[in-house]
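Here is a short report on how two chains meet. Look at the structure first, then read on.

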Amino acid sequence: MRSRSSRRVTHLACSAALLVWLHASVSTADVIGSTTAYVRTDSDHTTVISPRLRVDVTPLADTRVAVVYAVDVWSSASIDIRASATQRVTERRDEIGVSIDQTLSNITLSGRYRFSTEVDYTSHGGSGALRYALADGATVLSASGDASRDVVGRAGDPSIARGLQRYGARLSLEQALDPNTLMSGGYELGVLSGYQASPYRFVGFGGDGLGCQGALVCLTEHVPDLRVRHAFTLQARRALSRVTSIGLGYRFYVDDWALAAHTMHASLAWLPDHHSTLSLRLRAHTQSAASLYRSRYALTQQIPVHYSRDRELSSLVTLRAGIDYVRTFDLGADVTLTLSSAAAVALYRYAEFVGLNQVRALEVTAMAEVRL
Amino acid sequence: MTRSVFVALLLILLSHGCATVAPYQRERLAQRDMTDAASGELRVGEAHTDAYREGAHGGLDTTIGGCGCN
């Protein structure tokens, strides 16, 4: 059943999108409307359906305003759910976002606000960014910051409402190295403060490692209140010919929970004609376990201060291969329709998570965009 | 090894800082495949999934909002 806050977000998003659209129609501004649907299903009995609607308008020559409304409908009977003695869970998340970009000569200022709600989680977030183009646009420096405040609850238990604050800052540099090569690098700092555990996740001590099964003591997980994250990225894209290009990217991540990760991605794009783009892509991610994570917790005389059964904190390898196709149709009178689709298969391998060695997933995205 | 490669690539990027590639020379860089137009809205779903299924976040991902712990 949809919550009252979900209905409010839906009405708010539709009203905002309608207002933006009407204003654009009256002022004959440039308008971009897009709708996207993302579907993911995996071998761990989890399905996600995420429709998304976005309207962009340019009410003034250098001003762009966008409204986004998105929904996640999530249904799962995963090992995590079953380990909590529950059969299947279905939840819905609604999100609305508003952003504005203002260009002042070679500087672009951006601001964004978003609100997300679900039955047991509420989040308000905002961000600001500055882009500074140098050398006739061959070099772009960017700086951004964001902050959010979440309230974590537990469905059916209104007494639980824990706060979580996130703060982030990012610096990046994009550079055209030559007429065929683009390169960028960046650093992102993230600080999370507050409740970062799940009120649904239980850790058994002295059991078989599968939640509370056979455990002598069973407690909800407990992790530190503070987490400081660092991410360094490098990306490059080079044209191989007039119609093909290759892209490479790498991210190194480390945090003060001793989790370190390497993420690499590569893509090959081809322009078969003036209206289409076909891309093949690969992504690989590997991470070490957080220092507080154990696949099993023995029942000793003293229970550790922090303990978790969160598989995202375990050592993990993820592989994804995907294909994208984008086709633009010219409808005349300066109107274009772009249809895009993406399909990917992903494999998650868990080396030290009791009850699950791997998950295979299929992801499909379809998008339609109209430019007026 | 990985750190060395990362530092080498970073030095290449910094050594080219503010290098001038004139606008008329950037025609190829502006084509659809170079701007990776298929990312953005088309990849939001996958990025959201990565943010919640992996322990690492930042740099490559979109700003996350809400739990959506799918």
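How many salt bridges does the rule find across the interface of chain A and chain B? The rule finds nine, a salt bridge being a side-chain nitrogen of Lys or Arg within 4 Å of a carboxyl oxygen of Asp or Glu.

## Basis

This is a predicted model, in which local features need pLDDT of at least 70, side-chain atom pairs count only at pLDDT 80 or more, and totals for chains, interfaces and linings use all residues. Residues are numbered from 1 along each chain as its sequence is written, chains are lettered from A in the order in which they are written, and side-chain values use heavy atoms, without hydrogens and water.

## The interface

Chain A brings 90 residues to the contact and chain B brings 50 (contact means heavy atoms within 4.5 Å). One of the salt bridges joins Asp50(B) to Arg283(A). Their closest N and O atoms are 3.5 Å apart.

By class, the side of chain A that touches chain B has 31 nonpolar, 30 polar and 29 charged residues. Here Ala, Val, Leu, Ile, Met, Phe, Trp, Tyr, Cys and Pro count as nonpolar, Asp, Glu, Lys and Arg as charged, and the others, Gly among them, as polar.

## Ser245(A)

Ser245(A) counts as buried because its relative accessibility is 0% (buried means under 20% relative accessible area, with a 1.4 Å probe and protein chains only). Not counting residues up to four places away in sequence, Ser245(A) touches residues of both chains, including Leu268(A), Arg28(B) and Met34(B).

Methods: Buried < 20%, exposed > 50% of the residue type's maximum accessible area, 1.4 Å probe, protein only.
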